[in-house]
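I opened the model to look up its fold, its core and its surface. My notes are set down in the order I took them.

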Amino acid sequence: MAGNPCSSCCLEMPSYRQRGCYQSPSSGFVLPLALSASFLILLSSTSLHSLALLSLSRTRISTAERMRADQLRSAAQHFAQLATDSHACLLTWPSGSWNDFGSQCADADPSRLQQGLIGEDVWFLIDWIPSGDTGRLSLRLAAGARAVFLLAIDPDGPAVREVGAMRSLVTLEQERP
């Protein structure tokens with residue numbers, strides 16, 4: 001064997017297994033496992049972030065809706081406050097005929113009940129429809145939000161006794177067939 005150069009070379013060089021380079025079939029799983037775990041963590045954190053943004057968006061929408069409802073209720077209260085003294089006479093007729101009954105409510109100015117200012121928000125009267133001891137008040141804010149209120153009228157004289165619950169006009173329009 002000493003004469004064979006190939007055999008002496010093989011004896012002098014350590015084999016692949018002796019150098020520690022040999023890998024068992026199960027030794028290459030750590031990197032793919034780490035990458036998979038990292039991907040799952042990234043995916044779950046992205047999902048949690050999306051849920052947090054969705055929750056924040058819903059909270060903002062809910063807050064904006066409550067603010068609009070509060071502005072509309074304030075406008076209805078302002079209408080009730082303006083509909084006193086000489087202007088209370090107008091509550092006995094629908095708003096569409098207020099200008100026709102000017103002689104019966106001589107001191108009343110119908111334009112005063114047709115719009116108002118709450119803070120920086122302007123409201124407009126859509127219509128007023130009296131019905132006995134109640135009336136249906138429809139208002140619109142300058143921003144476009146609209147609502148209907150049922151107002152209780154004092155039976156002893158035309159004056160608003162109470163502003164009832166608010167109903168959105170969009171809801172009313174959707175309920176119609």
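The entries below go from the whole chain to single residues.

Entry 1, ground rules. I am working on a predicted model, where local features need pLDDT of at least 70, side-chain atom pairs count only at pLDDT 80 or more, and totals for chains, interfaces and linings use all residues. Residues are numbered from 1 along each chain as its sequence is written, and side-chain values use heavy atoms, with hydrogens and water left out.

I listed 3 helices and 5 strands, with helices (H or I, at least four residues) and strands (E, at least two) taken as DSSP runs numbered from the N terminus. Along the sequence I read the pattern α-α-β-β-β-β-β-α. Of the 177 residues, 24% count as buried; buried means under 20% relative accessible area, exposed over 50%, and partly exposed in between (1.4 Å probe, protein chains only). The accessible surface comes to about 12,300 Å², and 58% of that belongs to carbon and sulfur atoms; areas come from the Shrake-Rupley method with a 1.4 Å probe, and for residues only the protein chains shown count as cover.

Strands are taken to pair if DSSP finds at least two bridges between them. I found β1 (residues 115-118) antiparallel to β2 over 4 bridges, with Ile118 opposite Asp121.

Which residues have the most contacts inside the largest nonpolar core? They are Phe79, Trp128, Leu137 and Phe149, in a core of 27 residues. Such a core is a set of buried Ala, Val, Leu, Ile, Met, Phe, Trp, Tyr and Cys residues joined through side-chain atoms within 4.5 Å. Two or more residues come from each of α2 (30-82), β2 (121-131), β3 (134-141), β4 (146-153) and β5 (160-168). α2 gives the most, with 6 residues. I then checked Trp128: leaving out residues up to four places away in sequence, Trp128 touches residues including Phe79, Trp93, Trp98, Leu137 and Ile153. Contact here means heavy atoms within 4.5 Å.

In soluble globular proteins, nonpolar side chains tend to be buried together. I noted a nonpolar surface patch of about 310 Å² made by Phe29, Val30 and Leu33. Patch residues have over 30% relative accessible area and no salt bridge, and nonpolar side chains (Val, Leu, Ile, Met, Phe, Trp, Tyr) are joined within 5 Å; a salt bridge is a side-chain nitrogen of Lys or Arg within 4 Å of a carboxyl oxygen of Asp or Glu. Val30 belongs to helix α2 and is exposed, at a relative accessible area of 52%.

Definitions and conventions: Patch = residues over 30% accessible without salt bridge, like charges linked within 9 Å, V, L, I, M, F, W, Y side chains within 5 Å.
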